[in-house]
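Welcome! Take a moment to look over the sequence and the 3D structure, and then let us walk through them together.

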Amino acid sequence: MSELYEMTAWQLAEELEKGQVCSVDVTQSVIKRIETVEELVHAYVTVAPDRAIEMAKESDAKRAKGASNRLLGIPVAVKDNMCMKGQRTTCGSRILANFSPPYDATVVAAMREAGMVILGSCNMDEFAMGSSTETSFWGPTRNPWDRDRTPGGSSGGSAAAVSAGEAILSVGSDTGGSIRLPASFCGVSGMKPTYGAISRYGLVAYASSLDQIGPFGRDIRDLSLLLNLLCHHDPKDSTSVPRQYPDFTTVLETPVSGMKIGLPREFFSKLDHPDVERVMKDAQSVFQALGINFVELSLPHLDYGIAAYYIIAPCEASSNLARYDGVKYGHRAENFSNMIDMYRYSRAEGFGSEVKRRIMLGTYALSSGYYDAYYLKAAKVRSLITQDFRSAFQDCDAILCPVAPTPPFKIGEKIDDPIQMYLTDVFTIPVNMAGLPGLSLPGGFSADGLPIGIQLIAPHFEEVRLIQLGAAYQKETDHHLARPSI
Amino acid sequence: MEYEAVIGLEVHAQLLTKSKAFCSCTTKFGNVPNSNTCPICLGMPGVLPVFNRRALEFTVRMALACNCTINEISRFARKNYYYPDLPKNYQISQYELPLAEHGWMEIDTGTNTRKIGITRIHMEEDAGKLIHDETKAFSYVDLNRTGVPLIEIVSEPDIRTPEEAAAYLKALHSILVYLEICDGNMEEGSFRCDANVSLRPFGATGLGVKTELKNMNSFRNVQKALQYEIDRQTEVLESGETVVQETRLFDPASGTTSSMRSKEEAHDYRYFPDPDLLPLRVTFNFVEQVRSELPELPVQKRDRFMQEYQLPRYDADVLTSSRMLADYFENTVALYPQAKAVSNWVMTELLRLMKAANEDNPSGRISPGMLAELLELMDKGVVSGKMAKTIFEDMYDSGHTASAIIEQKGLVQVSDEDELRALVCKVLDDSPKEVAKYQGGKTQLLGHFVGQVMKATRGKANPAIVNKLLLEELDKRG
């Protein structure tokens with residue numbers, strides 16, 4: 001039998017329910033794994049083993065009193081940008097290196113309420129700005145499949161933790177691909193749900209109109225468990241959509257035969273990596289065998305996605321990050337002679353270079369005289385992209401495309417070339433721009449054995465379709481069962 | 001050359017909601033610094049704003065009272081600037097799509113009546129307060145006020161004189177208080193005003209270079225600051241120079257304005273739509289609901305008072321200057337229907353005492369029922385008009401009713417003719433010389449005799465009866 005830390009949440013839930021194991025056993029297994037491999041992976045900013053064991057004990061006690069839900073007692077890791085009351089939440093930044101929030105994010109509160117065991121906070125690109133987890137103040141996370149390579153970003157720690165057996169489940173956030181890219185690079189499953197499906201309350205904001213929390217797991221079934229917990233209307237988030245969400249686990253067996261998948265010309269014409277092309281072809285064959293029809297379609301404004309994203313996201317970021325000024329919390333410079341210098345030195349010392357770059361981009365783009373040419377134009381492009389998808393979904397149920405143009409790249413390979421780094425997100429950014437749900441699934445491996453993901457995109461609030469398709473796909477494939485040898 | 005002033009005013013009014021604009025903290029004034037705060041108004045990482053619908057209702061009330069068009073869709077925007085009293089370093093406000101636009105208000109300066117256009121009314125959140133201690137190298141930040149809902153009412157540059165500016169402000173103030181959406185307290189900053197002023201030659205239609213005036217915390221200071229600025233700009237123009245576009249600070253002590261920052265130093269607020277808040281939709285039904293619940297406004301009330309109670313315009317203006325005063329008047333008239341007499345008492349006696357006591361609630365010390373009782377006692381002759389005024393002051397100080405004071409102090413008017421006739425005779429007997437002079441034609445001495453009788457009764461004698469008896473007795477001796 002495999003070690004507990006290698007099992008899926010679904011399997012563990014069954015074992016826990018049967019009373020074969022208790023949450024303390026599972027948690028201890030995961031903590032032991034963390035002790036063994038964390039030094040090599042660096043998936044966490046903060047590991048809290050004592051608290052985790054306490055939470056495991058509490059969940060076992062709850063179960064003894066008759067409580068039962070499939071996430072009770074399951075260890076989970078949380079990206080370091082979701083507030084945990086009284087626990088350090090740094091956002092991968094020096095400016096929040098010693099910050100402990102006085103409140104719980106809505107998703108954290110939900111996980112506590114469900115009796116999940118929170119292992120700690122996962123490493124991330126500083127303020128979620130990056131595609132490789134290299135911009136973290138705490139140093140890079142390493143890809144469990146090849147430690148010279150990045151796990152993708154910005155939720156690289158959350159993906160690496162699940163991949164390396166340092167967590168059973170994890171949550172990340174996705175602004176331009178920050179869940180789907182690391183899922184692809186680390187060979188795990190990850191979903192960015194529809195904008196508005198999961199509360200952003202307590203998620204430290206990067207770009208508010210694009211940020212969305214979502215789950216990581218070893219397979220689609222585990223994602224459906226977490227989605228059931230996380231997808232809820234939250235009155236504390238004005239952008240949270242009031243609606244009833246289905247039980248996502250009920251569609252895992254639903255047949256997909258007869259569904260129509262769209263293949264956007266603009267995405268596939270960009271492919272120039274043989275391994276990625278092969279993985280996409282394989283995926284098409286799998287879906288074809290499942291009785292799915294394909295339709296080629298066009299998303300004409302896709303090419304402007306990255307350009308528009310790098311206006312809108314920095315504009316919002318420049319305002320969202322203004323609060324880190326050394327006045328109330330977080331890093332404050334020690335030597336200054338007046339208020340303005342206190343602001344300047346605290347921010348100069350507290351933020352890393354990628355964050356500064358985006359603050360400057362956004363500040364410039366919002367400046368008087370430039371607003372119309374940049375922000376307003378980008379907002380129009382965004383509407384056009386949304387419109388493109390809307391038309392596309394009249395001809396298909398979901399869209400299939402790559403997650404990233406390449407398999408995982410090397411640490412240091414793109415960090416000094418922001419444009420190359422930004423282009424990593426060419427297939428994921430448009431999904432955020434349109435607020436759609438996107439799923440990243442392990443789709444195969446490169447010639448040198450690195451994971452490559454595939455992406456499925458559905459219309460707003462059609463996560464159910466993604467789960468149906470994902471479950472059918474994983475029944476026919478075993479990419480998601482492969483584990484890195486670490 | 002003769003110049004004409006072009007003035008536009010921006011008024012900020014704090015709304016009387018129980019909780020803040022985007023979180024559930026209390027808006028109560030005067031609590032321990034930083035006690036009315038939560039992660040949201042402290043601008044903690046990860047928090048999100050949720051709009052207080054009550055603030056919307058209040059703003060719609062004001063927009064309707066100012067004859068504005070209410071936009072079905074309006075948007076919150078972020079106004080970005082750094083200051084320690086602004087925890088997020090941006091203020092949630094409205095910019096491109098305000099809640100209401102294109103309104104107007106009628107003002108009356110006493111000499112003429114004019115319509116002043118209202119450009120827009122929008123909603124925003126207040127900032128906190130910095131407290132500076134000269135002896136320390138740092139300042140304190142109090143964030144209790146942070147996030148309290150405000151409305152900003154921007155006028156068209158339709159105002160021409162400081163007097164009109166004051167009349168406009170008083171009219172706005174009175175409406176806000178009537179609508180019960182703002183306490184109007186200028187000292188505590190619940191009602192604040194900035195002014196834009198420029199000059200142009202009489203008859204010209206273009207606009208001159210304007211300056212913006214800040215820090216005027218009373219109607220009088222607004223008037224003084226504007227007058228100073230008009231005089232200053234006139235001098236600048238007459239000396240052949242040009243006015244510099246800038247923000248100027250009014251100093252109440254010296255009555256002057258001085259440059260605070262130039263146009264070049266002005267902030268670039270980098271407004272953009274707040275992505276944390278959805279576009280605000282105000283339905284027709286909601287607006288009509290609010291409209292149907294609007295109270296009678298000052299101008300309507302004034303006109304009704306003139307018609308219903310046959311009061312002169314002056315009385316109606318004074319009585320409707322505050323909703324509490326108007327209610328007090330009407331409640332008193334309901335018990336004592338001689339409206340003009342009530343109006344006289346309220347306008348002279350009551351307002352005088354309220355002003356002296358710095359009190360703004362008319363029924364705080366003397367209820368309408370208490371005033372009505374006093375007026376009735378006067379009509380019945382129990383007390384004289386003069387006594388009534390003294391008793392009224394007593395009532396105001398002690399809170400006792402007129403009858404209680406009369407009994408306690410033995411102030412009942414003496415109207416007994418036999419008792420008074422004896423006194424009258426004694427006074428006349430004691431003053432043979434004056435009686436002789438009276439008989440000789442110096443009839444104005446009657447007042448002297450009345451005075452003597454009043455003195456002998458310590459003011460309690462019924463003056464009408466004393467008069468009558470004196471005439472009778474003097475007649476007998478004639």
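Two strands count as paired if DSSP finds at least two bridges between them. Helices (H or I, at least four residues) and strands (E, at least two) are DSSP runs, numbered from the N terminus. The model is predicted, so local features need pLDDT of at least 70 and side-chain atom pairs count only at pLDDT 80 or more, while totals for chains, interfaces and linings use all residues. Residues are numbered from 1 along each chain as its sequence is written, and chains are lettered from A and ligands numbered from 1 in the order in which they are written.

Let us begin with a pair of strands. Strand 7 (residues 260-264) of chain A pairs with strand 8 of chain A in the parallel sense, over 5 bridges. Within strand 8 of chain A, Leu297(A) is the bridge partner of Pro264(A).

Now step back to the sheet. In chain A, 11 strands form an open sheet with mixed pairing, in the order 1-3-2-4-6-5-10-11-9-7-8. Strand 1 (44-47) and strand 8 (293-297) of chain A are at the edges, each with a single partner strand, so one side of each has no neighbour in the sheet.

Next come the domains, whose bounds come from an automatic or database domain assignment. Chain A has domain 1 (4-258 + 397-481) and domain 2 (305-364). Their contact takes 28 residues from domain 1 of chain A and 23 residues from domain 2 of chain A, where contact means C-beta atoms, placed from the backbone, within 7 Å.

Finally, where chains A and B touch, chain B gives 25 residues and chain A gives 35 residues.

Notes
Two residues are in contact if their C-beta atoms, placed from the backbone, lie within 7 Å.
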